Amino acid sequence: MERVIVINLLNYLSLHKLINKEQHGFLARRSTTSNLLESLNDWSLCVENGKRQQVAYIDVAKAFDSVCHNKLIAELKMYGICGSLLQWIEDFLSGRSHQTKVGYRLSEVAFIISGIVQGSCLGPVLFLPRDAL
């Protein structure tokens, strides 16, 4: 079910041009490797043409953990996603909990109100619209 949702969501975002053409990662044939290759090409052209090039690297390792579910749902609505698809995504994100085990001890259950589900195929796609436009 999740894969069907991902395919349809990606088709919708592409059809409505809601994914930036510069987006790499989480898309077919648009990986972080392809991003580095394009960047290397751009940098090489700058060097060949005697131009300066500035580069900034940003670590977004914790970005997945910080996405507020309510804001994500509002963003999806803004992009025109509605009806049963939006409801399914909302249900997918809500009611999740987390518990940590150290040795033989378990922490108390904590309910998750932010963060995109990692390890799912839908998680990265839900992260895409955040920088789409």
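# A walk from an aromatic pair to the core

Keep in mind as you turn the view that the model is a predicted one.

**Stop one: around the pair.** Colour helix α5, and you will find both W88 and F92 in it. They sit 4 residues apart, about one turn of the helix. Which of the two is buried? F92 is, with a relative accessible area of 13%, a value under the 20% cut-off. W88, at 24% relative accessibility, counts as partly exposed. R96 lies over the face of F92, 4.7 Å from the ring centre.

**Stop two: the nonpolar core.** Next, show the largest nonpolar core, which has 23 residues. Which members touch the most others? Select L9, L76, I89, L93, L122 and L126. To see where the core comes from, colour α1 (2-15), α4 (69-78), α5 (83-93) and α6 (122-127); each of these helices supplies at least two of its residues.

Centre the view on L9 for a closer look. Leaving aside residues up to four places away in sequence, L9 touches I81, L85, I89, L122, V125 and L126. Among these contacts, I89, L122 and L126 are also on the list of core residues that touch the most other members.

**Stop three: a backbone detail.** Move on to K17, in the loop between α1 and α2 (32-48). Check its backbone: what is the phi of K17? It is positive, about 55 degrees, although K17 is not a glycine. For context, most residues other than glycine have a negative phi. Is K17 buried or exposed? At 67% relative accessibility, K17 counts as exposed.

**Stop four: another tryptophan.** Finally, select W43 in helix α2. With 25% relative accessibility, W43 counts as partly exposed. Show what surrounds this side of the chain: W43 touches Q53, V55 and Y57, again not counting residues up to four places away in sequence. If you draw a distance between C-alpha atoms, W43 and V55 are separated by 9.3 Å, and they are 12 residues apart along the chain.

Definitions and conventions: Residues numbered from 1 in each chain as written. Predicted model: local features only at pLDDT ≥ 70, side-chain atom pairs only at ≥ 80, totals over all residues. Heavy atoms only, no water. Core = buried A, V, L, I, M, F, W, Y, C linked by side-chain atoms within 4.5 Å. Buried < 20%, exposed > 50% of the residue type's maximum accessible area, 1.4 Å probe, protein only. Contact = heavy atoms within 4.5 Å. Lys NZ or Arg CZ within 6 Å of the ring centre and 35° of its normal.
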